[in-house]
Structure formats: C-alpha cells, structure tokens
Amino acid sequence: MSLSLDLLGKPSLVTYIAVYPSAASMPTMERILERAETLAERYPLLRACVLDARTTKPRWAILPADAVDTRMASLVNDVPIQDVEAFRLEADQKAPDVSRTLENIFDKELHDKHSVSVSGRGLLWRVVRYLGDPKSASHPNLRPAYIALTCNHVISDGRSGQTLLGALLSDKESRASGLQKSIIAPSMQDTINCRPSLGFLFH
C-alpha cells in the first residue's frame, strides 16, 4: 500500500520529533551525521532504494557506495525555526508556544514529500534540526529546539522509527552497536500468501 501511494505522488511519511530546551543542548549536525553513517552501514535498509517500482516486480536494492556518500552528505539539515512560523508570543507569555511549533513542524515535514519518495532513487529518510536563527536578536539559544526524523513508510513503521531516532540521538555507542544486524526486508509476497483466489477476482 505504501509503495502504491508513493507511485501516485502521495508517499506515506512518518515523522518523529525530539524537543530540546535550547539549541545548545541538542546534538550537533556532525554528531548526528556520524551516527547516521554508522547505523546505515549496519542496517542495509537505511541505504536502500526501490527499483522497478512501476513494474509488477518491484525490488529492494542497496545504493552504490558513492551514491550513499553523496546522499549522506545532505541527510542532516538545519532550518531556522522562523521558517515554520512556529512561535506565537502572547502578550503575557514570554515562552514560545511549543504545541503550535510541533504542529507546524509536523505539517512542514509531511508536506515535503519529494526528498524521501521512492521515485527520487535516494535515501528514504532525512533528519532536520529546527533551531533559532543565530543572527536573530531574540536570543535563539534560549528557545526550544527540535530534531525531526522523517521516514518513508516503505522502510519504517512506528516502532522502528522510534528506535532509529533514539539510536541517532543517543550518546552511548552501545545503543547502536547493541542492536542486532538486520537484512533487507523480504517482500510481503515472499512471506505471505496474498495472491487472490479466482473467486475473489470474479466478484
């Protein structure tokens, strides 16, 4: 189903967001990228793409090493929180409205579908750090900051995405190395007899 929606131009995305008290307390871009590279090397699905997606026999494939390196370089990005117009300061309230911020980040992530679509032949996940503009005069380091992980549903469901986010943000190396190695997931047709009967087709 997720692949079918993707081919219709409506990829099913899953987004997870971690909230930090300030930009100073969140992992650096370099640290997240380092963790992402380690995890992608250990888990092939994180460097996989879907080939022959518009045929009757779509299949998983591992991206070539040079393609993975190129795409990894742009996997993690910084976006000024002002770009999502998330902060709503009331007359009697000095702190940003975190709930509104989260809603806007979810909305932005789920509408930015192209970069993690199957048709893009790239990585099917991305990481964005939302933080205050350092050139702003309103003390960006005192504002809450956010890290959003967005995955195409063809590689992640709710639980696996939470595990991936935790491994990306963990300071403990054992958090990632302790996870068992995985392999490319088999297709549903290889594991479940889902071929419709003739009776079903004629109804």
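Strands are here taken as DSSP runs of at least two residues in state E, numbered from the N terminus, and in this predicted model Thr-150 is placed by that assignment in strand β6, which spans residues 145-152. The protein chain as a whole contains eight helices and six strands, and from the N terminus on these elements follow one another in the order α-β-α-β-β-α-β-α-β-β-α-α-α-α.

Thr-150 has a relative accessible area of 0% and is therefore classed as buried, the cut-off being under 20%. Its side chain makes a polar contact with the side chain of Thr-15, at a distance of 2.9 Å. When neighbours within four places in sequence are left aside, the residues in contact with Thr-150 are Leu-13, Val-14 and Thr-15, together with Glu-109, Val-116, Leu-124, Trp-125 and Arg-126.

Asp-171, by contrast in accessibility, is exposed because its relative accessibility of 69% is over the 50% cut-off. Asp-171 is located in the loop that connects α5 (158-169) and α6 (173-177). The C-alpha atom of Asp-171 lies 8.9 Å from that of Pro-27, although 144 residues separate the two in sequence.

For the protein chain overall, 41% of the 203 residues are buried, and, among contacts with a sequence separation of 6 or more, 72% are accounted for by residues 24 or more positions apart.

Note on methods
Residues are numbered from 1 along each chain as its sequence is written. This is a predicted model: local features need pLDDT of at least 70, side-chain atom pairs count only at pLDDT 80 or more; totals for chains, interfaces and linings use all residues. Side-chain values use heavy atoms; hydrogens and water are left out. Helices (H or I, at least four residues) and strands (E, at least two) are DSSP runs, numbered from the N terminus. Buried means under 20% relative accessible area, exposed over 50%, partly exposed in between (1.4 Å probe, protein chains only). A polar contact is a pair of N or O atoms within 3.5 Å; within protein, one must be able to donate a hydrogen and the other to accept it, and residues adjacent in sequence count only if both atoms are side-chain atoms. Contact means heavy atoms within 4.5 Å.
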